[in-house]
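Here's a quick briefing to read with the model open beside you.

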Amino acid sequence: MGIKVVLTPLYGVPSDESALATAVAVARKFAAHVDVMHVRADPRTMIPYIGEGMSGALIEEMITSAEQQADERSRRVRAAFDDWRAKTGLPLAEAAGEGPSCNWVETVGRPDASVARRGRLADLVVVSRPEAEAAVTTVAETLEAALLESGTPLLVAASRPADTIGSHVAIAWNGGLESARAVAAALPFLAGAEATTIVTVGSPAPPEADAPALEAYLARHGVKAQTRNVEAEGGKSVGETLLATATEAGADLMVMGAYTHSRLRELVFGGVTREVLAAADMLVIMAH
């Protein structure tokens with residue numbers, strides 16, 4: 001099956017533009033429907049632990065201020081959606097139909113939990129990349145929740161809107177479960193790619209990274225791939241090596257498994273997932 005339902009959360013931050021541009025590119029490529037979602041924060045769940053010295057009037061003032069901020073952000077996000085829809089010409093559609101379409105979804109709650117729950121009924125979640133902006137924590141938390149709790153692959157938008165999507169695909173391959181899931185999720189993109197490059201890191205590559213077996217599997221799907229085995233040299237990390245190799249090959253989309261180690265371990269020691277999210281200048285499909 002192809003990609004027919006895409007979920008794109010918005011936060012009222014500059015990187016929303018790139019996420020929307022990526023979403024419409026996917027919608028046009030696969031004649032898919034895009035649910036553009038904004039989660040309004042519930043001010044009463046945002047108030048931190050309230051000490052005994054805090055008066056009721058101060059609490060109400062904090063809630064009122066948070067509600068005003070939520071209202072303003074909601075208006076800003078809806079205006080961005082309306083402007084995007086006017087420019088792209090995507091029709092509004094709540095029910096299934098022919099061709100690309102979109103819909104506006106707004107709810108109240110925790111953004112991470114709400115997006116993860118909605119993402120379980122999508123084929124792909126298109127998310128913006130966490131960057132240096134006010135909502136970076138919310139963006140990062142929502143990205144991780146969608147990745148780890150929705151069961152749906154993520155397409156992480158590049159910093160700048162992409163001109164192409166999936167003309168040349170690089171697969172970061174280590175033979176692991178997460179990598180295999182990412183490849184399966186990316187098959188609709190791989191089937192339409194002009195070129196596919198499998199990248200393994202290590203000299204020699206680890207035995208489980210059986211690139212010829214992956215080439216044979218992809219060939220069954222009509223995808224002709226070539227393999228590049230590279231070594232992390234000059235003090236470069238695995239993530240840096242993967243990105244450099246994919247860029248050198250001319251890829252505009254990378255496919256990779258995410259959090260092959262525990263999230264806590266990657267948080268403490270760093271990891272390929274975090275390196276790629278921080279430095280990638282191309283679209284990235286991730287699956288866990």
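The protein has ten helices and ten strands; these are DSSP runs, H or I over at least four residues for helices and E over at least two for strands, numbered from the N terminus. Keep in mind that this is a predicted model: local features need pLDDT of at least 70, side-chain atom pairs count only at pLDDT 80 or more, and totals for chains, interfaces and linings use all residues. Residues are numbered from 1 along each chain as its sequence is written, and side-chain values use heavy atoms, with hydrogens and water left out.

**Overall picture**

- Of the protein's 288 residues, 47% count as buried (buried is under 20% relative accessible area, exposed is over 50% and partly exposed is in between, with a 1.4 Å probe and protein chains only).
- Take the contacts in the protein with a separation of 6 or more: 78% of them come from residues 24 or more positions apart (a contact means heavy atoms within 4.5 Å).

**Confidence**

- The average pLDDT for the protein is 86, and 88% of the residues score at least 70 (pLDDT is the predictor's confidence in each residue, from 0 to 100).
- Over residues 264-270, pLDDT stays under 50, and the model has nine contacts beyond four places in sequence for this stretch.

**Helix α8 against helix α10**

- Helix α8 covers residues 238-249 and helix α10 covers residues 272-279; they pack at an angle of about 45 degrees, with their axes 8 Å apart (axes are lines fitted to C-alpha atoms, for helices over the stretch in contact, and angles run from 0 to 180 degrees between N-to-C directions).
- That angle makes α8 and α10 oblique to each other (under 35 degrees is roughly parallel, over 145 roughly antiparallel, 65 to 115 roughly perpendicular, and the rest oblique).
- On the α8 side you'll find Val238, Gly239, Glu240, Leu242 and Leu243, which meet Val272, Glu275, Val276 and Ala279 of α10.
- Sorted by class, this contact of α8 with α10 has six nonpolar, one polar and two charged residues (Ala, Val, Leu, Ile, Met, Phe, Trp, Tyr, Cys and Pro count as nonpolar, Asp, Glu, Lys and Arg as charged, and the others, Gly among them, as polar).

**Helix α6 against helix α7**

- Helix α6 (residues 177-191) packs against helix α7 (residues 211-220) at an angle of about 50 degrees, and their axes are 11 Å apart.
- α6 and α7 are therefore oblique to each other, and they make a right-handed crossing.
- From α6, Val183, Leu187 and Leu190 meet Leu214, Tyr217 and Leu218 from α7.
- The contact of α6 with α7 has six nonpolar residues, no polar ones and no charged ones.

**Single residues to look up**

- Ala31 sits in the loop between α1 (16-30) and β2 (33-40), and it is partly exposed at 31% relative accessible area.
- Phi of Ala31 is near 50 degrees, a positive value in a residue other than glycine. Most residues other than glycine have a negative phi.
- Leu148 is part of helix α5 (residues 136-149) and is partly exposed, at 27% relative accessibility.
- Leu148 and Ala287 are 139 residues apart along the chain, with their C-alpha atoms separated by 8.4 Å.
- Pro130 lies in the loop between β4 (124-127) and α5 and is partly exposed, with a relative accessible area of 25%.
- The C-alpha atoms of Pro130 and Ala140 are separated by 5.5 Å, with the two residues ten apart along the chain.

Methods
A crossing is left-handed if the near helix is turned anticlockwise from the far one by less than a right angle, and right-handed if clockwise.
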